[in-house]
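Hi,

Here's the structure I promised to pass along.

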Amino acid sequence: MAHTERRDAPGLPDFSLLKRLARDQLIFLLEQLPGKKDLFIDADLMSPLDRIANVTILKQHEVDKLYKVELKPIASSSDQLCFLIRPRIQTVKWISDLVNSDKVAGRFRRYKIIFTPQKFYACETVLEEQGVYGDVTTDEWNFYILPLDDDILSLELPEFFRDNFLEGDQRWVTTAGSALHLLQSVYGSFSKVYGIGRCAKMVYESWRELMEEGEQRTRQPEFAKVFLIDRDVDFVTPLCSQVVYEGLVDDIFRIKCGSVEFGPDVTSSDKSIKVMLNSQDKVFNEIRNEHFSNVFGFLSQKAKNLQTAYDKRRGMDIQQMKAFVADELKGLKQEHRLLSLHIGASESMMKKKTKQDFQDLLKTEHSLLEGFEIRECITHIEEHINRQVSMIDSLRLLCLLSITENGLLSKDYKSLKAQYLQSYGIDHLLTFANLRQLGLLEEQQAGETLTVMESKVGKLVTDKTVGKLTDAFSSLAKKSNFRALSKRLALVPKSGEEYDLRVPRDMAYVFSGAYIPLSCKLIEQVLERDGWTGLEEVTRMLNGQEFAVTGGSSSSDARNKTDAQRIVLVMFLGGCTFSEISALRFLGRERGCRFIVVTTAITNSARLLEALLENGA
């Protein structure tokens with residue numbers, strides 16, 4: 001049965017305003033270079049730009065030709081070149097080379113670089129070093145947030161995860177802070193801010209500084225609570241196979257910037273079709289959060305209903321037929337087209353999903369989450385690696401094994417690592433180093449445990465100091481503590497219990513009843529308690545860095561039932577999966593509230609691990 005919103009659910013703010021603001025600013029920046037110009041766009045900006053200002057709008061503002069930035073000599077004959085780019089040193093060097101080669105050729109052109117979402121000092125330094133600083137004009141397009149749907153906003157910064165969590169490069173922290181500041185400026189102040197994670201704390205501080213610097217305007221907020229969460233607080237969730245419809249579509253077809261390209265196997269023709277996946281697609285909107293096992297039954301019923309609607313034409317007189325054509329036919333045809341596509345997509349996914357490999361994969365994942373038959377799981381992972389079924393899936397299972405078991409036994413780690421390198425290439429030694437650094441794939445260390453170390457330190461220093469040192473050791477250890485967290489928060493339902501996926505009882509349905517996403521459970525618990533009180537043991541196991549702050553707007557008890565108080569903004573720093581979005585939608589329906597998800601990018605197991613691959617990706 002398709003999930004439906006409660007009648008008393010609060011309405012969501014209109015985020016189309018963010019698109020209009022971004023478009024108006026871009027048009028203003030383009031008009032700063034009057035006359036015809038050629039526009040060079042970073043490849044990963046093309047899809048977001050199409051959602052904000054399509055080719056027609058750009059042409060109306062004297063953009064002659066559009067090119068993708070490809071870091072090679074250009075064919076443009078225009079006297080004015082405009083570059084819309086991410087602030088990347090490699091791209092800035094390429095532009096500098098173009099300017100210098102024009103100088104050598106004695107050609108005069110005007111150059112404008114528009115950095116988005118912001119300009120970094122390092123990029124200006126490169127222009128200076130290359131001797132072209134005076135030849136180009138630079139600007140910023142403060143395009144922080146792209147609304148992908150009514151309740152999903154994205155910064156479209158997939159590099160945020162690797163840069164921040166692996167490289168320790170915090171340059172995007174101010175971007176995330178600026179995104180929150182923009183939301184607050186447009187939609188009103190937040191009354192409560194909760195967060196967990198080192199990056200979340202920095203983003204909050206960055207946003208607070210912008211708030212203090214800016215003009216304080218009091219207006220009725222459209223949402224009152226904000227939750228900031230780091231991706232490294234919960235790595236288990238993005239490493240699990242997605243089984244809700246939207247998540248499966250993303251895993252198999254790759255949803256990019258809110259749209260997906262279905263190939264001939266889905267369209268039943270020789271053409272591929274690009275489809276927007278959002279709440280405007282009525283068929284998709286009813287199945288997006290459903291467990292995949294329920295989707296076919298729903299689509300089948302939908303097809304029958306559609307046929308019944310078409311059959312109404314029989315026996316109509318001319319006047320009735322005219323009204324039918326004017327009022328209903330167009331909508332029915334559109335629904336028929338979308339229904340055909342989603343049936344095609346479901347059939348294509350079913351072929352992959354029902355394969356024995358996929359079933360064995362899910363069984364292994366569930367065993368790892370429950371902590372059962374670990375030796376059998378290791379055997380399955382070895383078979384997976386040695387058959388070279390999938391490089392990413394093999395790595396994903398290894399990481400899931402490591403996190404759920406708090407590291408691998410030394411002999412298992414060495415054996416599995418050797419087999420993986422033999423199957424997929426010695427280049428992945430660096431990948432293993434990256435995974436180890438993030439605590440995703442670790443070898444259990446022999447010798448003294450963290451507890452022994454703490455007790456020794458305790459004999460030398462006061463209790464207060466040992467507490468601080470314990471926190472420091474915990475932070476360095478990067479222990480997952482998954483089993484203890486799972487037990488404390490009841491993340492894994494008791495085995496043997498029947499779970500009806502047609503009528504889900506909790507958020508575990510997004511993983512076939514086997515696991516409630518840790519990130520979503522934390523959000524639920526904090527909102528229920530209005531803070532972290534009572535969750536001290538949980539936060540200690542997650543290495544702390546939690547906070548709860550009362551914001552600038554008044555939040556009296558009398559206003560606690562207003563719509564704004566029942567809308568919660570959740571910002572995922574480092575990426576968010578469609579499974580988590582579906583789980584939060586379910587939680588919202590259960591509690592009569594709504595969640596708005598803001599993420600640095602949409603992620604899944606493949607994207608997460610691809611960001612960590614080295615030399616062999």
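Which residues point one way from β13, and which point the other way? Before I get to that, one caveat: this is a predicted model.

So, β13. Ile-567, Leu-569, Met-571 and Leu-573 point one way from the strand, while Val-568, Val-570 and Phe-572 point the other way, and all of them are buried. Strand β13 covers residues 567-573 and is mostly covered, with seven of its seven residues buried.

Strand β9 (residues 225-230) runs parallel to β13, and six bridges join the two. Ile-229 has Phe-572 in β13 as its bridge partner. β13 also pairs with strand β14 (residues 594-599), again in the parallel sense and over six bridges. There, Val-568 stands opposite Phe-595 in β14.

Next, another sheet to click through. Five strands form an open sheet in the order β2-β1-β3-β4-β5, with parallel pairing. At the edges are β2 (63-68) and β5 (136-140), each of which pairs on one side only. From one strand to the next, the twist averages 20°. Helix α4 (residues 89-104) packs on this sheet and touches β1, β3 (80-85), β4 (110-115) and β5. The direction of α4 makes about 170° with that of β3.

Leu-39 stands opposite Leu-66 in β2.

Last, a helix pair. Helix α7 (residues 173-187) and helix α8 (residues 198-213) have axes that come within 8 Å and cross at roughly 55°. That angle is why α7 counts as oblique to α8. The crossing of α7 and α8 is right-handed.

As for who touches whom, the α7 side of the contact is made up of Val-173, Thr-174, Ala-176, Gly-177, Ser-178, Leu-180, His-181 and Gln-184. They meet Cys-199, Met-202, Val-203, Ser-206, Trp-207, Leu-210 and Met-211 in α8. By type, the residues of this contact split into nine nonpolar, six polar and no charged.

That's what I have for now.

Cheers

Technical notes
Residues numbered from 1 in each chain as written. Predicted model: local features only at pLDDT ≥ 70, side-chain atom pairs only at ≥ 80, totals over all residues. Heavy atoms only, no water. Axes fitted to C-alpha atoms, helices over the stretch in contact; angles between N-to-C directions. Helix = DSSP H or I, 4+ residues; strand = E, 2+ residues; numbered from the N terminus. Parallel < 35°, antiparallel > 145°, perpendicular 65-115°, else oblique. Left-handed = near helix turned anticlockwise from the far one by under 90°. Contact = heavy atoms within 4.5 Å. Nonpolar A, V, L, I, M, F, W, Y, C, P; charged D, E, K, R; others polar. Pairing = 2+ DSSP bridges. Buried < 20%, exposed > 50% of the residue type's maximum accessible area, 1.4 Å probe, protein only.
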